[in-house]
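Student: I have a structure open and want to go through it. Can you take my questions as they come?

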Amino acid sequence: MSDSNPNLIRGGQLTVNEVQCFDMNNEQALLVPPDDAIWMVTFDTWLAHQLLLEGRQFPVAVLIPSDADFDDATSTHVHALCQADIALIAIDFPSYTDGRGYSLAQLLRNIYQWSGELRAVGDVMIDTVYYLARCGFDSFLIKPGHDAQLALDALHTFSDTYQKSYRQPIKSNRP
Amino acid sequence: MYIYDEIDQKLVEQRVAQFRGQTQRFLNGQLSEDEFRVLRLQNGLYIQRHAPMLRVAIPYGMLTSNQLRTLAYVARRWDKGYAHLTTRQNIQFNWPRLEDAPDILAKLATVQMHAIQTSGNCIRNTTTDHFAGVAYDEIINPLVWCEIIRQWSMLHPEFAFLPRKFKIAVSGSVTDRAAIGVHDIGLQAVEHNGEFGFRVFVGGGLGRTPLVGKLINPFVAWYDLLTYLQATLRVYNLHGRRDNKYKARIKILVKDLTPEVFAQQVNEQWARIKGGADTVTAEFVSAIADKFTWPSYGVLHENGSAAIAPHLEASPAFARWFRTNIHQHKITGYSSVTVSLKATGSPPGDITADQMDVLAEMADNYGFGELRVSHEQNIILPDVKTKSLYALWQELSVLNLATPNIGLITNIIACPGGDYCSLANAVSIPVAEAIQQKFDDLDYVHEIGELDLNLSGCMNSCGHHHVGHIGILGVDKAGEEWYQITLGGRQSGALKAGVKSNTDSNASAAIGRVIGPSFAREQVPDVIARLIQTYLSIRESDVERFIDVVDRVGIEPFKKDVYMDPLLAKTSNLVRESNV
Ligand code: HEM
Ligand code: SF4
């Protein structure tokens, strides 16, 4: 996922993505990534190796799949995640038409009170960042082929909103 | 009429700007066909047989004369001079060019109209009773509540990419004229201990798995409406099926989970947000109500019936029209008039630019410049002084807009079918016309009485055939078009004569039952005629409607008569042979 193009929107600015994806089937057969950079692990990996992942110099990022279930049965895990020392939570959009991530983001923000960084990854495009931001995402890894600058501008698509319980996007400082 | 404030206006303009950018990127090759498809759908643009088809919302069916004139302008400038009213209070243009779509939408925005979320897997245009705001039997004014839902659902950040489309209908009256039982969510206004709220039905819908909505909450107080809707949509968004588009509607989720479990899940989500920021306040409701301009009816000293009585006596044609096309108004001295767009020979629901202009004129001259569109694909002049009905009728007659067939067999609901739609198995418009021609004797049509005949060109059911008292469905057999007949469907209350309320019963829509093998196109009018003969021969009196007879005796007698008829039986054997 690491890339030298500034295709990450974060805090209202374009930057280079610093997070690398940890491959569970890595050659060294590591259970968890080395503590040498920010690595992203899946929610399942994090659940399985929570203790190993504590107290790192570089806390991990945790990736939630779009079909995650945050219902009562799993809520203690989600609560634990939101209390843990992690770099950020990312939600995957396998396709931009898969809208589950929007509801998951709302649950993380409003029910589980996640106040850290929430990143949209996967099929994230110019045309979806505005709604994503309103649902609680504050960073966006823009897919290849989409101009990240235009995506940043798209956070200004609408100046007003109707739905009261959804936040306003964090916008760039426009001249 | 709801009048946009600055924010409403800005939002539709910003949406046009957004779509203009998207169209540009698509045309420049910066947005792939796959990426663009969903974005254009959410702006009302389908790619169809002839060209893109543009579906414009008429929120809760309400239009001003000025808006109608603008639609006429659009039809002339960018289309072929006509448009089509749909069964969900939208209007469709069949021939615009993709390149022109942003300009069309910009033009519409100048009169507070848009095509936002008229298509795609999002919350669609909320529909209601076509007599909303003027009906005599209203518990609440659904227009205000539809506007509240419109604002809540429009550009909704969480529910723009649902598993499938989502349709909400609201009934504010004792009699449901909004077909709430066949919507993803149907809301029926009710009063409970002096407080008002809504009965909530979920999981109704037509298409290939027709189902009637299930009551999941008998009373949601008005102030909780939006949080309850949010909770319902959230359960659907998270758990609705996304692996199979034919199983993706909320009706399948409700069926798979059972209505009880579904309701339980909604309650769990609701508990988390109930009373939160989206709770509706009394100030908000009155602020929305204040943004409507309400007609100033004044006080009429007479109810107008004296003025029209002589005409009713002298003109049987006027009397016939008065009987079917006039609806009682909540204000004494006023009537609501349905302008039939179902004259024989014009495609059901089609309206020309000239007709739009004329009707806009009439809305100004005879009313307060407001109109409604109905899901039965007709136009309503909601506020006509009863004493002026005769004059209005004369004007409409000259224009062939006074067909006295509202509620009758020739008021056919039909989708565009094979002439326009690339999904069709069969044509619809020519069949509708052939049936209308078969029933060209107005006395006979009135003798038959109330009857909904609905026609779809394929099982997507855009013509609501499942809920027609008689339904006709185009089916494909070995590449040929055939028509299947259903009986006993209805869109709402089984209101038997004398029964005034359906608020206590469940969603009282019903899905029609198939009578047997399909028929060839030429046979359809004769089959319908045969069904009507059977009805007339077994009804107990002329207050027993076709649907009442089907309820009483079932479909067997009809089936028997149709398939025993030597003429029809012979050809239906042919049907079977040709399928061997
Ligand atoms: C000509 C272009 C049209 C196309 C391609 C089209 C396509 C479709 C499809 C695919 C569905 C099924 C969706 C599903 O099952 O989830 C559907 C449903 C529907 N369409 Fe259309 N349609 C068209 C025109 C119309 C028109 C003109 C009307 C109104 C007369 C209409 C009214 C409806 C309604 C009310 C439904 C919903 C039935 C339900 O509850 O499932 N459509 N349409
Ligand atoms: S019912 Fe079928 S044929 Fe008719 S408009 Fe809908 S998709 Fe087309």
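What follows is a short chat about the cores, a sheet and a loop.

Tutor: Go ahead, but keep in mind that this is a predicted model.

Student: Which residues have the most contacts inside the largest nonpolar core?

Tutor: They are A:Phe140, B:Trp145, B:Leu359 and B:Leu396, in a core of 169 residues. Helix α6 of chain B, residues 225-239, gives the largest share of this core, with 9 residues.

Student: And what does A:Phe140 touch?

Tutor: Leaving out residues up to four places away in sequence, its contacts include A:Leu8, A:Ile9, A:Val124, A:Val129, A:Leu132 and A:Leu155. A:Asn7 and A:Arg119 are also among the residues that A:Phe140 touches.

Student: How many residues are in the second core?

Tutor: That separate core has 37 residues, among them B:Ala414, B:Val445, B:Phe519 and B:Phe558.

Student: What does UniProt place at residues 119-272 of chain B?

Tutor: An unreviewed UniProt entry has the feature "domain: Nitrite/sulphite reductase 4Fe-4S" there, and also at residues 410-562 of chain B. In the model, residues 119-272 of chain B are 32% helix and 19% strand, and the end C-alpha atoms of that span lie 30 Å apart.

Student: Switching to the open sheet of 5 strands: what is the strand order?

Tutor: In chain B the order is β3-β14-β15-β12-β11, and the pairing is antiparallel. The edges are β3 (62-64) and β11 (326-328) of chain B, each of which pairs on one side only. On average, neighbouring strands of this sheet are turned by 35 degrees against each other, direction ignored.

Student: How many bridges are there between β3(B) and β14?

Tutor: There are 3 bridges, in the antiparallel sense, with β14 covering residues 370-373 of chain B. In one of the bridges, B:Met62 has B:Arg372 in β14(B) as its partner.

Student: Which helix packs on the sheet and touches β3 and β14 of chain B?

Tutor: Helix α3 of chain B, residues 65-78. Its direction makes about 85 degrees with that of β3(B).

Student: New topic. Where is B:Pro347?

Tutor: B:Pro347 sits in the loop between β12 (334-339) and β13 (350-352) of chain B. The C-alpha atoms of B:Pro347 and B:Ser335 are separated by 27 Å, with the two residues 12 apart along the chain.

Student: What does B:Pro347 touch?

Tutor: B:Pro347 touches B:Leu341 and B:Ile429, again not counting residues up to four places away in sequence.

Definitions and conventions:
Residues numbered from 1 in each chain as written. Chains lettered and ligands numbered in written order. Predicted model: local features only at pLDDT ≥ 70, side-chain atom pairs only at ≥ 80, totals over all residues. Heavy atoms only, no water. UniProt positions renumbered as here; feature names shortened; annotations may be inferred. Helix = DSSP H or I, 4+ residues; strand = E, 2+ residues; numbered from the N terminus. Core = buried A, V, L, I, M, F, W, Y, C linked by side-chain atoms within 4.5 Å. Buried < 20%, exposed > 50% of the residue type's maximum accessible area, 1.4 Å probe, protein only. Contact = heavy atoms within 4.5 Å. Pairing = 2+ DSSP bridges. Axes fitted to C-alpha atoms, helices over the stretch in contact; angles between N-to-C directions.
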